[in-house]
Amino acid sequence: MKLTITHLCHIVTALILPFTAIAAPTRIQSPDGSVEMSVEINDSICYSVSKDGKLLIKRISIALSPEGAAVMGVKPSLKKTTRQSVNETITPAVPIKHSSISNRYNSATMQFDDGYAVEFRVFDDGVAHRFVTSGKGNVNILDEVYNVTLANPATAHIQQPWGFKTAYEEAYSHIPLAEWKYTDRMATLPALMENEDGTLMLFSESDLSDYPCMFLKGTPGNSFCAVFPRVPTAFGDDGDRSVKILQEAPYIASTTRNRMYPWRFVAIGSPADIMEQTLVCQLAAPSEIEDTSWIRPGTASWEWWNGATPYGEDVDFESGFNMDTYKYFIDFASRNNIPYIIMDEGWAMSTRDPYTPQSRGKRPRNRKVRKRERRRCIPMADMADCGKQLRPLQNLLGLGRKRA
């Protein structure tokens with residue numbers, strides 16, 4: 001068979017086209033080199049994650065759907081990639097695990113056409129990504145895609161509420177990820193996945209502002225995906241501690257166009273690594289409180305923990321939501337050098353009326369409780385379920401005012 005120049009050009013073109021259509025992955029390693037993220041930009045944006053050379057997450061697909069515009073992450077057109085290495089120290093206003101946190105990571109910010117970017121960060125103990133958009137005015141977000149497929153069989157340790165309305169107090173379920181169906185109850189964050197070799201992956205979020213919390217649903221193939229509550233537009237009565245959603249908008253958020261969206265992160269490692277990691281703090285926006293000297297963490301005496309039912313030889317009264325019980329908690333805190341007490345929302349008959357105390361047992365007279373707290377020099381913190389009802393409670397008890 002005689003090959004002409006034309007034939008050769010056709011053959012070469014046929015061989016080249018399949019390869020030129022797929023861009024080479026962008027690899028980002030952690031500062032110590034143990035964690036690697038491989039980002040692929042084709043018809044979608046997705047990435048995989050490895051730890052010590054072992055593939056842990058086969059694929060995470062991401063996208064963001066603004067109303068009236070193209071879906072970000074579908075047929076993306078990459079303009080440029082900017083890399084950065086950061087090594088800094090964060091000093092949290094309220095130390096939870098550490099008084100100072102080492103924040104080391106390598107990042108790649110990918111700028112796409114249509115005015116959006118995706119920032120990827122790789123830490124020594126995890127990975128994270130977020131969308132960044134620009135523009136004027138507001139936008140409705142119809143949905144966000146976060147589809148995860150693990151590389152190996154795993155056990156899911158998850159909280160499964162009955163709906164988006166949850167107190168995050170459900171007992172944890174421990175189920176094989178492959179058996180978690182989409183029709184099963186969803187999961188709250190954080191969600192912990194455990195490989196058969198004991199490697200843990202903690203999926204969660206940070207820097208959540210003007211946006212709904214992310215929930216997860218099981219999908220076929222050792223996978224799960226994100227689901228979000230929609231913006232409520234009408235409410236109805238549902239007792240004194242909640243409201244019932246009667247109507248929802250067809251979108252999950254209504255927010256400004258010029259913003260950074262929440263971080264989606266995965267902490268990776270042993271049980272000790274997961275306990276020690278501080279990615280929520282490392283990824284959080286800087287504090288907007290300039291002067292934090294007034295924030296003084298400390299232990300607290302709390303009546304809700306045991307249902308306002310103290311017992312023992314020194315309890316010579318009928319315990320409950322009454323004056324004697326609250327006096328007891330104040331005196332207990334004073335005797336044991338506990339700097340705070342908490343009066344939880346159960347002390348009032350209704351969260352809608354903080355002036356009427358519980359009818360169980362002796363009725364506490366709030367002025368006397370407050371006077372006793374002043375004498376013992378113990379600041380009092382109060383909790384209420386409904387934010388809209390919190391202001392009269394604050395006014396009543398003078399919260400935030402330092403008493404002599």
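This is a predicted model: local features need pLDDT of at least 70, side-chain atom pairs count only at pLDDT 80 or more; totals for chains, interfaces and linings use all residues.
Lysine 217 sits over the face of tyrosine 182, at 5.0 Å from the ring centre.

Now take in the whole chain. The protein chain has 404 residues, and 43% of them count as buried. Its secondary structure comes to six helices and 25 strands. Among contacts between residues at least 6 apart in sequence, 61% join residues at least 24 apart.

The largest nonpolar core holds 50 residues. Within this core, Tyr47, Ile57, Phe120, Tyr146, Met193 and Phe203 touch the most other members. Which residues does isoleucine 57 touch, leaving aside those up to four places away in sequence? They are Ser48, Val49, Val148, Thr149, Leu150, Ala151, Met201, Phe203 and Val266.

Aromatic rings come next. A pair of aromatic rings is described by the distance of the centres and the angle of the planes. How many aromatic pairs does a search of the whole structure find? The search finds twelve. One of the pairs joins tyrosine 116 and phenylalanine 131. Their ring centres are 6.4 Å apart and their planes stand at 40 degrees, so the pair is tilted. The pair links distant parts of the chain. Tyrosine 116 belongs to strand E7 (residues 116–123), while phenylalanine 131 belongs to strand E8 (residues 126–133). The two residues are 15 residues apart. Are they buried or exposed? Tyrosine 116 is buried, and phenylalanine 131 is buried too.

A further pair is formed by tyrosine 328 and phenylalanine 329. Here the ring centres are 6.2 Å apart and the planes are at 90 degrees, so the pair is edge-to-face. Tyrosine 328 and phenylalanine 329 are both buried. They also belong to a cluster: ring pairs link Phe317, Tyr328, Phe329 and Phe332.

Tryptophan 305 and aspartate 344 are 39 residues apart in sequence. In space they are 9.3 Å apart, C-alpha to C-alpha.

Why does aspartate 344 count as buried? Its relative accessibility is 5%, and buried means under 20%. The side chain of aspartate 344 also makes a polar contact with the side chain of tryptophan 302, at 2.9 Å.

What of the cysteines? A disulfide is a covalent bond between the sulfur atoms of two cysteines. The count of disulfides here comes to zero. Cysteine 46 has 4% relative accessibility, so it counts as buried. Cysteine 213 has a relative accessible area of 30%, so it is partly exposed.

Last, the backbone. Most residues other than glycine have a negative phi, and most peptide bonds are trans. Some places in this chain depart from that pattern. Which residues does a cis peptide bond join? The bond joins leucine 189 and proline 190, with omega at about 0 degrees. Proline 190 lies in the loop between strand E11 (172–176) and strand E12 (191–195).

Lysine 75 is a residue other than glycine, yet its phi is positive, near 50 degrees. It is found in the loop between strand E4 (54–66) and strand E5 (78–90). With a relative accessible area of 62%, lysine 75 is exposed. Aspartate 114 is not a glycine either, and it has a positive phi of about 75 degrees. Its place is the loop between strand E6 (101–112) and E7. Aspartate 114 is exposed, with a relative accessible area of 65%.

How values were computed
Residues are numbered from 1 along each chain as its sequence is written. Side-chain values use heavy atoms; hydrogens and water are left out. Rings of Phe, Tyr and Trp (its six-membered ring) pair if their centres lie within 6.5 Å; planes under 30 degrees apart count as stacked, over 60 as edge-to-face and the rest as tilted. Helices (H or I, at least four residues) and strands (E, at least two) are DSSP runs, numbered from the N terminus. Buried means under 20% relative accessible area, exposed over 50%, partly exposed in between (1.4 Å probe, protein chains only). A charge sits over a ring if NZ of Lys or CZ of Arg is within 6 Å of the ring centre and within 35 degrees of the ring normal. A nonpolar core is a set of buried Ala, Val, Leu, Ile, Met, Phe, Trp, Tyr and Cys residues joined through side-chain atoms within 4.5 Å. Contact means heavy atoms within 4.5 Å. A disulfide is a pair of cysteine sulfur atoms within 2.5 Å. A polar contact is a pair of N or O atoms within 3.5 Å; within protein, one must be able to donate a hydrogen and the other to accept it, and residues adjacent in sequence count only if both atoms are side-chain atoms.
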